[in-house]
Structures are given as C-alpha cells and as structure tokens.
Amino acid sequence: MVVFTVARVGTKPFDGQKPGTSGLRKKVKVFVQPHYLQNFVQSTFDALGAERVRGVTLVVSGDGRYFSKDAIQIIIKMAAANGVRRVWVGQNGLLSTPAVSAVIRERVGLDGSKANGAFILTASHNPGGPTEDFGIKYNMENGGPAPEGITDKIYKNTTTIKEYLIAEELPDVDISAVGVNCFSGPEGPFDVDVFDSANDYVNLMKSIFDFDSIQKLLSSPNFTFCYDALHGVAGAYAKRIFVEELGAKESSLLNCVPKEDFGGGHPDPNLTYAKELVARMGLGKTSTEQEPPEFGAAADGDADRNMILGKRFFVTPSDSVAIIAANAVQSIPYFSGGLKGVARSMPTSAALDVVATNLNLKFFEVPTGWKFFGNLMDAGLCSICGEESFGTGSDHIREKDGIWAVLAWLSILAYKNKDNLGGDKKLVSVEDIVCDHWAKYGRHYYTRYDYENVDAAAAKELMASLVKLQSDLSEVNNILKGFGSDVSNIVHADEFEYKDPVDGSVSSHQGIRYLFKDGSRLVFRLSGTGSEGATIRVYIEQYEKDPSKTKRDSQEALAPLVEVALKLSKMQEFTGRSAPTVIT
C-alpha cells in the first residue's frame, strides 16, 4: 500500500476567483497556471470547515471536458492531504451534473459510506478544448450547489490564501478502471473508489418513470425518436437508457460519444448550436427528404439542460416546464400523489403561473440560479421547476436534469398515445400536446436575445440607463409613443428582488423588469456564465388568451415588443451590436 505525506505549498492569491451561480468558469489557459486550481480547491476546503472535510466522502467528476482528467488527479491529492476519508470518481471521470446530485443523495458505498459533497468539473454549455472553457463548482450534502454563504467564504479565502495542502507523492489513480484504490496517510486510510458512471442515475430514473410504458412507445413502428448529446457527458447515459433500457434504435442517437472538445462544437442545446438535430427534425433552413422523427431532444455539455422538439416544431423551455407540470400527476408515477408546488426563474415566461393557478398549486418566482429551487425543495414546497435557459427538473435531485426532462416528455407522449400505438391510428404529437395546452391555458409568446461577450463597461452602462428610466414611467410611455409602436403602456418597472421564504435571505438586483398593461413583459439581465466579457440577455413575452390567436409565428407576434426593447435599451448605441449572437 502506498503511504503518502502531506506537503504545504506556498502560494499567492489570483484575482477574479469569485464563483458565480454555477461555480468558477475561466479559459483553460487560466486554470492551467501553476497553483490556480489548487488555490480555489484549498479555499473551498477552508470555507467548508473541518466538519465537512475531515473523514468525509467526496465525489469528484464532471463532463469530461479538456483538463478534467488532470484536475481530478490534483483534487484527489488535495483531498487526501486535507483529511478526506475517500473520494468517489465516475469511471473515466465522467458524471453528469444531475448524476452527481443523484450520487450524493442516493449512492451507498460498499462500506456503507454516503457522500457529503462534490467537486463538479464543468463549464456547462460553454465550449471545451485547450483554448476554450473550464469550470469547477462545489455541491453540498443535499446534492445542490453551494449557497452564497459558502461561495462568499470561498471567494474571501482566495483573496488571502498563502498555502495549500497536497499529497504530492500519491500516484495518479487509473480512473478508467472500476475499483477501489487504497492508500494510507498521516491520518490513516484514504480510498479512491472509481465506479460505474450510469448505474445510480439509471436506477433513480427507473424509480421515477414507468419504463414499460415508454418502451411500448419507443418500440411502436409509428413513433420515431432522436437524441443528440452534442458530444457531452449525456452520451455516457444515452445508450444505456434509451437503447438498452427502453429499446430505441442505436441509430436514433446523435453525437453520443463524449469528447474533451465536444467535437469542436458548442454544447448548448438550442436552435442555433444543435444544428444536426434541428435539421433532422425538419427545422433547418433547407428541407430534408427524409420524414423527421416524431420526437427529438438535445443535451448540453454536463447534461443538465435540455431542448425538446417535435416534428418541425420547437417547444420553448418555458412552455415545456408548464406542460410537464400540467400532465405530471397522470403521466409520471413519481408524482401520482400530487405536486407540492411549482416554481420558475423570474425571466422564464408566466406559462407555469397559469397552470399553478388553474391546478391550485403553490407557486414561486425565484432569481436565476438552481440553488433557489433547492431551498424550496428541501422545505417540501416544490415538486417541479424550470428556467427559460433550457433547464427543467424536479425534487428527485437538487440540480436541473436534462435526461429527466426528456423522460418526462416521453412519459406524457406514452400516456397520451396509450391507445394509439397499434395499427393505423394517428399519434398524438408533440405539437398536438402543446397546441392543446395553449387552447386550455393561453399562449405566452416568448423570445430571448443574447448578446455575448459584450464589453463589460458598456453592458453596465446600458443596465444603469434602464434603471434610471424606471424613475418616471410617464416619460417612458411618452418615449414608447415616440417610437410609433402599438404596444400598450408600461404599468410597473423595477429591479427584481427575492426574499427566500425558507431562510429569509434577500437577493437584490436580479434583473430589470418592465411590465405592460396587457400582461406583456420585458426583462433585461447581465449573465455571468460566460468566461470573458459580459452577456446581456433580453427576454420578451406577450400573453394571448384568445385560442384563435395562439398559432401565430412567434417572432411576428413579438416584433413590436422586440423593437421597443432594442430602442428603449439603446442596445446598438451602447454595445455596437446590430444583432444578437443568439435568438431563442
């Protein structure tokens, strides 16, 4: 057995190691600097305190992006030096973000151990590779992201750190081979358990959904299916779940081999970046000769996000979470006893609000960041939640879950088609389900404009200008009239603030809102998920209750509000951008 000693390595702080809502994300060239990753990891151990580090079990894995394998070895050596008892690593270092949450909450080691937390190595939907992005975040014992109290301590520690602990003599662990690697250090035994990346997550999904009914759907000759992992970590689960468990054809899987650089693509499941899936589903710019599948879906790099498509039909994430909530009780066994409540992020459309009102459910509007949903779930207040940024989930874990969302949609389709799978009967399609939902609840026309890598100073000036405008709404409405637009008057404007009903914490400056008399809405947010520059996100929404007007082209229906948003914000004047980077 290898016996290791602990080294104390002198270091100095690096600027800018402040973790955002999704951890610390920077370019790989930043992370590979000597001491950079080590400083952040030690600062995290110190922020957690001895009771959450010494003698505990930690998970260390991620989406497999470039630099992950090196980072895993560094963190293992630092965990050993800081008194951690054992580290669990998914085979080949691969665990999706939702699977990490599931492993923390569900997995029991051979010795009866349970995980206390995890380092997740991911930059989510950002590109990977030597010149692209890397990221690291810490999740707590509930399986959810570290709260602000912890991330603030981590950042404070990064500004004063003078040394870190590391077991430099510890050999690299072969993370490609399942098994337990045993070592010994100054405080006794230290183990690294490399385990199958999929087992725990697959078992959890089988406890939530009726796999038999989904299998009947996928095996029907009338139903066709396509899943695109965009070369992210979802590929480690796709074949196991969709092919081996549910009987889909292997040819229905696209880009399901995880790659360090995501095959050179951008692993963001939207209409811009999931080009191959979009084309196969009949939504590309050129028509395809082949008939598109009935159902298509995509995942991002770490498999916590999802995009849902029907044949020649796009489902907005805001509609998706509302439709899942509206159909969950009858379609998904896990929810057969009813929903505790539902929640959405503030920028997400109000489609879920209407369902909650109709079904008499508790409803919560929270800032962007999954940890806010986690608090509600831990308190038993929320069953299903979602974000407009392609994140959907439930209280089975404390992260958004892309494959869960796909299985939820397949469950709804299986339930709606339980009598249509044989013979020549017409299937109830994704489009049918969405249109029926609009007819019952109304439609929230919705779009999001992203302006990526904008000069940070210019972005802040634009946001400050929008806040200043809010002081005099009559003047703002005069400005609108000057645009010659036929939108209704603005009746309320603010910066969204949230008081958590569970712990009483207050989150301010969460986005700038302009609310119109007819229920329309404009929201402006600065996003910190990019590794360079700033991203300005503009959310535009209009509610239509008239069933005869719910099938208009979304961009056409929203055109007047889009014009108002760009003129009111002086987008081109402040940023120099004549068009957004991405339109969703």
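Predicted model: local features only at pLDDT ≥ 70, side-chain atom pairs only at ≥ 80, totals over all residues.
Local features need pLDDT of at least 70, side-chain atom pairs count only at pLDDT 80 or more, and totals for chains, interfaces and linings use all residues. Residues are numbered from 1 along each chain as its sequence is written, and side-chain values use heavy atoms, with hydrogens and water left out.

**View 1. The largest cavity and its lining.** A cavity is a set of points, on a 1 Å grid over the protein atoms alone, where a 1.4 Å probe fits but cannot get out; lining residues have an atom within 4 Å of a point. A search of the whole structure finds 1 cavity of 30 Å³ or more. The volume of the largest cavity is about 70 Å³, taken as the space filled by probe spheres set on the points, with grid points joined across faces, edges and corners. Its lining includes Phe314, Glu388, Tyr446, Arg448 and Thr584. α10 (317-331) and β20 (443-454) each supply at least two lining residues, and β20 gives the most, with 3. Helices (H or I, at least four residues) and strands (E, at least two) are DSSP runs, numbered from the N terminus.

**View 2. The second largest pocket.** A pocket is an open set of grid points with protein on both sides within 12 Å along at least five of seven lines. This one holds about 700 Å³ of space. Of its 27 lining residues, Leu271, Leu283, Phe314, Asp553 and Ser554 are the closest to the centre. Elements giving two or more residues to the lining are α9 (275-280), β15 (313-315), α14 (430-441), β20 and α17 (554-569). Here β20 gives the most, with 5 residues.

View 3. Just after α8, Gly247 takes a positive phi of about 80 degrees.

**View 4. Helix α16 (residues 473-483) and its buried face.** Val476, Asn477 and Leu480 are the buried residues of α16. Seen down the helix axis, they fall within an arc of 100 degrees, so they line one face of α16; the arc is that of the directions from the axis to the C-beta atoms. Lys481 and Gly482, on the other side, are exposed (over 50% relative accessible area). Cover for the buried residues includes α15 (456-469), β21 (490-495), β24 (512-516) and α17. Gly484 follows α16 and has a positive phi, near 75 degrees.

How values were computed: Buried < 20%, exposed > 50% of the residue type's maximum accessible area, 1.4 Å probe, protein only. Contact = heavy atoms within 4.5 Å.
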